[in-house]
Amino acid sequence: MQKIKFILDAAGDLTHEDIKGKPITICPARVHIDGRPETRDLFGITPQEYWEVLKTCKISPHTSMAPPIEWMTAYKEAYEQGYTHVIMTTVSSTGSGVFDAASSIAVGMLREEGIHDLVVEPIDSLGYSAMYGHAFLKGAEMAEAGASFDEICAKIREIFNKVEAMFSVYTLKYLKASGRINGVAAFAGEALGIRPVLLASGGSINPIDKVRGDGNVIKGVLSNLKKRYNANDQEQQVHIIHADVSEEIISELEEGLKENFGIENPKRVPLGSSITTNTGPTSIGVVYYGNPR
């Protein structure tokens, strides 16, 4: 009889409430803040606390992946709890080395421990934040409903093959620091009030449009979303991903989603430290299903 465990990193931006009572384990990244002891994404510092750090720190904080032994320990604990199968994922392998460490090195360490009959299935999310966090919630729901391991893996891969994020930021400082845009472009963009609209899809993040002025950010996101949103997908799921932006801005996005796509009450997902280290504390966007790639 199959008993399925789901293991992912904290960059999937699931909350404690999301995973409560579900067969989900999170291996969080380490968070390094100048002058403070090392802590852990989600478990040691909340998204809201980290946004404040980003806004006030003089030396930029950074994150580092959980070591392979922590992933191996999570697999071993699942085995000892009677799980027969593990499905694991992380932030896109194109953006971090954590997927390779968790899927290759950690699994190798597990086998060296003499555990060979636990099936560990790595699935590269090719995504960020709710792009893959919500897929694992779906997988856990399917497992609880009695779906097979193969059915769940197929559904998760199907989601990863079509899920996208359309988002923007209100400052270019952090995209510059993460290498998403160069220093000259960031300097010019800030001076002119340029705000990029970015698309995360299939493991890449690319600027696809730009608007001038903070007041046009949501309009830019919605305008570009119309070109990518798959209205024919009967399983369409929409989430608002956001950092420290005002309730007024989030409400503007919610109203735009309702007016343009008929979407009511999309789930709000606060962006944690693994994501906002790169996007900054003032970012907002939409996770949705586009056309399968």
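**Cores, helix packing and selected residues**

The largest nonpolar core comprises 64 residues, and those with the most contacts inside it are Phe6, Trp71, Tyr75, Ile87 and Met88. A nonpolar core is here a set of buried Ala, Val, Leu, Ile, Met, Phe, Trp, Tyr and Cys residues joined through side-chain atoms within 4.5 Å; buried means under 20% relative accessible area, exposed over 50%, and partly exposed in between, with a 1.4 Å probe and protein chains only. Helix H5 (residues 130–144) supplies the largest share of this core, eight residues. Helices (H or I, at least four residues) and strands (E, at least two) are DSSP runs, numbered from the N terminus. A second, separate core holds 23 residues, including Ile218, Tyr229, Ile250 and Phe261. In soluble globular proteins, nonpolar side chains tend to be buried together.

A word on the model itself: it is predicted, with local features requiring pLDDT of at least 70 and side-chain atom pairs counting only at pLDDT 80 or more, while totals for chains, interfaces and linings use all residues. Residues are numbered from 1 along each chain as its sequence is written, and side-chain values use heavy atoms, with hydrogens and water left out.

Apart from neighbours within four places in sequence, Tyr75 is in contact (heavy atoms within 4.5 Å) with Ile7, Val86, Met88, Ala102, Ser103, Ala106, Val107, Leu110, Leu118 and Val120. Tyr75 also takes part in the packing of helix H3 on helix H4. The axes of H3 (residues 68–80) and H4 (residues 98–112) come within 8 Å and cross at roughly 60 degrees. Axes are lines fitted to C-alpha atoms, for helices over the stretch in contact, and angles run from 0 to 180 degrees between N-to-C directions. H3 and H4 are therefore oblique to each other, on a scale where angles under 35 degrees count as roughly parallel, over 145 as roughly antiparallel, 65 to 115 as roughly perpendicular and the rest as oblique. Their crossing is right-handed; a crossing is left-handed if the near helix is turned anticlockwise from the far one by less than a right angle, and right-handed if clockwise. H3 contributes Pro68, Ile69, Trp71, Met72, Tyr75 and Lys76, and H4 contributes Val98, Ala101, Ala102, Ser103, Ile105, Ala106, Val107, Met109 and Leu110. The residues of this contact divide into 13 nonpolar, one polar and one charged, where Ala, Val, Leu, Ile, Met, Phe, Trp, Tyr, Cys and Pro count as nonpolar, Asp, Glu, Lys and Arg as charged, and the others, Gly among them, as polar.

H5 packs on helix H6 (residues 149–160), with axes that come within 10 Å and cross at roughly 155 degrees. That makes H5 roughly antiparallel to H6, and the crossing is right-handed. On the H5 side the contact involves Met131, Tyr132, His134, Ala135, Phe136, Lys138, Gly139, Met142 and Ala143, which meet Glu151, Ile152, Lys155, Ile156, Ile159 and Phe160 in H6. By class, this contact has 10 nonpolar, two polar and three charged residues.

Helices H9 (residues 217–228) and H10 (residues 247–261) pack at an angle of about 30 degrees, their axes 10 Å apart. H9 is thus roughly parallel to H10, and passes H10 in a right-handed crossing. Ile218, Lys219, Leu222, Leu225 and Lys226 of H9 make the contact with Ile249, Glu252, Leu253, Gly256, Leu257, Asn260 and Phe261 of H10. Here the division is seven nonpolar, two polar and three charged.

Two non-glycine residues with positive phi deserve a look in the viewer. Asp13 has a phi of about 55 degrees and sits in the loop between strand S1 (4–9) and helix H1 (16–19); at 7% relative accessibility, Asp13 counts as buried. Leu126 has a phi of about 50 degrees and lies in the loop between strand S7 (119–122) and H5. With a relative accessible area of 29%, Leu126 is partly exposed.

Ser283, in strand S13 (residues 283–289), is buried, with a relative accessible area of 2%. Leaving aside neighbours within four places in sequence, Ser283 is in contact with Ser168, Val169, Ile241, His242, Ala243, Val245, Leu271 and Thr276. Arg212, in strand S10 (residues 204–212), is exposed, with a relative accessible area of 54%.
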